[in-house]
Structure formats: C-alpha cells, structure tokens
Amino acid sequence: MNRHTLLLASALLATTAWAGPADDAAAIQLATNAGCMTCHHIEPGAKGPGGLPPIGPAWRDVSAKYKSVKGAQQQLTATVMAGSSPYESHWKGKVSGLSMPPNKVAITEADAAKLVSWILALEPAAGPL
C-alpha cells in the first residue's frame, strides 16, 4: 500500500462509528482506563463532587451539540488530545470544570478517535442541553 492509501484507511478506521452494546462496553472500558469517567458521565443530570454540576459535560449532551457539526470528529479528537481552553468554554454554567487537561499521556490518538466516534453516535438525551 502506498502512503495515501494507508492514510485514507487510517482515517476511515478512526471515524467508523461503534454500533452496538458490545461497543458500548468497550467504549466505557476505554474511557474508564483513560480516566475520562472521572469528569464525564454518559447521561446528563449526574452530579459532580460536593453536589456541584459535573466537572465535564455529559456525553449525550456532547453528541447533541456536535453530531451534525462538520468536522466534529476531528475537532473533538484534537480537544481530547490537547485539552481545552478555559477562555473558550461553551459549557459554562452547565459544568463545574473550566477546561479539560491534555490527555495524550492517558490515551492514544487512535483510541481517542474511537471514543469520540462512539460519543457522537450516542442518541442525545431528551430535553434541553
């Protein structure tokens, strides 16, 4: 295979959505191993430490916000790897954390892309964000 074919195949694998209950278990295990579940929940409405709002947004809310955004897969994967800026937080008032730290020491970019793909495939929760 030439370099272009390998890059295309890698991109397709990274953006393939996970589709079933077995994938749910694999994604949750991946997220748990990487420490993501410390700050994030799947379902909205969970409380964070001390009864505050959760540290990070619920993944069903993330799915609702980004599912139809062009380039969301790449954008969110980059955010997982590099972290987010406290000055650009669009979850203000909904979460107690100010920003997400870089996670490149906790998860590979390929695994982060798989996890983001799974998150984007989640059905949004009923109700407002």
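Me: What makes R60 and E43 a salt bridge?

Reply: Their closest N and O atoms are 2.7 Å apart. The term asks for a side-chain nitrogen of Lys or Arg within 4 Å of a carboxyl oxygen of Asp or Glu, so R60 and E43 form a salt bridge. Before going on, note that this is a predicted model, where local features need pLDDT of at least 70, side-chain atom pairs count only at pLDDT 80 or more, and totals for chains, interfaces and linings use all residues. Residues are numbered from 1 along each chain as its sequence is written, and side-chain values use heavy atoms, with hydrogens and water left out.

Me: Which parts of the chain does that pair link?

Reply: Distant ones: R60 sits in helix α3, E43 in the loop between α2 and α3, and they are 17 residues apart. Helices here are DSSP runs of H or I with at least four residues, strands are runs of E with at least two, and both are numbered from the N terminus.

Me: Why is E43 called partly exposed?

Reply: Its relative accessibility is 41%. Buried means under 20% relative accessible area and exposed means over 50%, with partly exposed in between (1.4 Å probe, protein chains only). So E43 counts as partly exposed.

Me: How many salt bridges are there, and what about K114 and D111?

Reply: The structure holds two. K114 and D111 have their closest N and O atoms 3.8 Å apart, and they form a salt bridge too. Both lie in helix α5, three residues apart, or about one turn of the helix. K114, at 34%, is partly exposed, and D111, at 23%, also counts as partly exposed.

Me: How do you know that α5 has a span close to the expected one?

Reply: The expected span is 1.5 Å times one less than the number of residues. Helix α5 covers residues 109-121, which is 13 residues, and reaches 18 Å from its first C-alpha to its last, close to the 18 Å expected.

Me: Why is T77 called buried?

Reply: T77 has a relative accessible area of 6%, so it falls on the buried side of the cut-off. It lies in helix α4. Leaving aside neighbours within four places in sequence, T77 is in contact (heavy atoms within 4.5 Å) with E109, A112, A113 and V116.

Me: And is S63 buried or exposed?

Reply: S63 is buried, because its relative accessible area is 0%. This residue is found in helix α3. A polar atom of the S63 side chain lies 2.6 Å from the backbone oxygen of L122. Leaving aside neighbours within four places, S63 is in contact with I119, L120 and L122.

Me: What makes a group of residues a nonpolar core?

Reply: They must be buried Ala, Val, Leu, Ile, Met, Phe, Trp, Tyr and Cys residues joined through side-chain atoms within 4.5 Å. The largest such core here has 23 residues, and those with the most contacts inside it are W59, V62, Y66, I107, L115 and W118. Helices α2, α3, α4 and α5 each give two or more residues to this core, and α5 supplies the largest share, six residues. In soluble globular proteins, nonpolar side chains tend to be buried together.

Me: How many helices and strands does the whole protein have?

Reply: Five helices and zero strands. Of its 129 residues, 32% are buried.

Definitions and conventions:
Polar contact = N/O pair within 3.5 Å; in protein donor to acceptor, adjacent residues only side chain to side chain.
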